[in-house]
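Subject: Structure handover

Hello,

Here is the structure for you to look through. Please open it beside this email and follow along.

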Amino acid sequence: MAEKSSQFVGSTPENYDTYLGPNIFNDYAADLGRRAAALNARSVLELAAGTGIASRCLRDALAPDASLTVTDPERADAGRCGREVLGW
């Protein structure tokens, strides 16, 4: 039998949101937020929001009375996004 040389431990969404996600998505998320603000978007639907990296930028960039709806098929990611970003 093959021997394990390493093993992933901990919360996948938390580790992704802390280490990998920001390195991949921060610039994209900031640009998305700027574009949504420039359009004066009143209602935004974000598909596959993951842990909410882009959602944070959208939330901060949109007008206070704008509507932001986020979805993600992965329950753990959507849960983290809801708790950490949207305050569910």
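This is a predicted model: local features need pLDDT of at least 70, side-chain atom pairs count only at pLDDT 80 or more; totals for chains, interfaces and linings use all residues.

Residues are numbered from 1 along each chain as its sequence is written, and side-chain values use heavy atoms, with hydrogens and water left out.

Overall layout

The protein chain has three helices and two strands, in the order α-β-α-β-α from the N terminus. Helices (H or I, at least four residues) and strands (E, at least two) are DSSP runs, numbered from the N terminus.

The radius of gyration of the protein chain is 15 Å, whereas a compact globule of 88 residues would have one near 12 Å. That radius is taken over C-alpha atoms, and the globule rule is 2.2 Å times the number of residues to the power 0.38. Along the principal axes, the C-alpha atoms fill a box of roughly 60 × 25 × 15 Å.

Of the 88 residues, 30% count as buried. Buried means under 20% relative accessible area, exposed means over 50%, and partly exposed lies in between (1.4 Å probe, protein chains only).

Salt bridges

Side chains of opposite charge can pair when their charged atoms come close. A salt bridge here is a side-chain nitrogen of Lys or Arg within 4 Å of a carboxyl oxygen of Asp or Glu. By this rule there are six salt bridges.

Which residues are linked in a network of salt bridges? They are Asp-17, Arg-56 and Arg-80.

- Arg-56 and Asp-17 meet at 2.8 Å, N to O. Arg-56 lies in helix 2 (residues 53–61) and Asp-17 in helix 1 (residues 12–38), so this pair ties together parts that are 39 residues apart in sequence.
- Arg-80 and Asp-17 meet at 3.1 Å, N to O. Because Arg-80 lies in helix 3 (residues 75–84) and Asp-17 in helix 1, this pair ties together parts that are 63 residues apart in sequence.

Are these residues buried or exposed? Asp-17 is buried, at 8% relative accessible area, and Arg-80 counts as buried at 14%. Arg-56 counts as partly exposed at 24%.

Another salt bridge joins Asp-31 and Arg-34, with the closest N and O atoms 3.8 Å apart. Both residues lie in helix 1, three residues apart, which is about one turn of the helix. Asp-31 counts as partly exposed at 27%, and Arg-34 as exposed at 53%.

Regards
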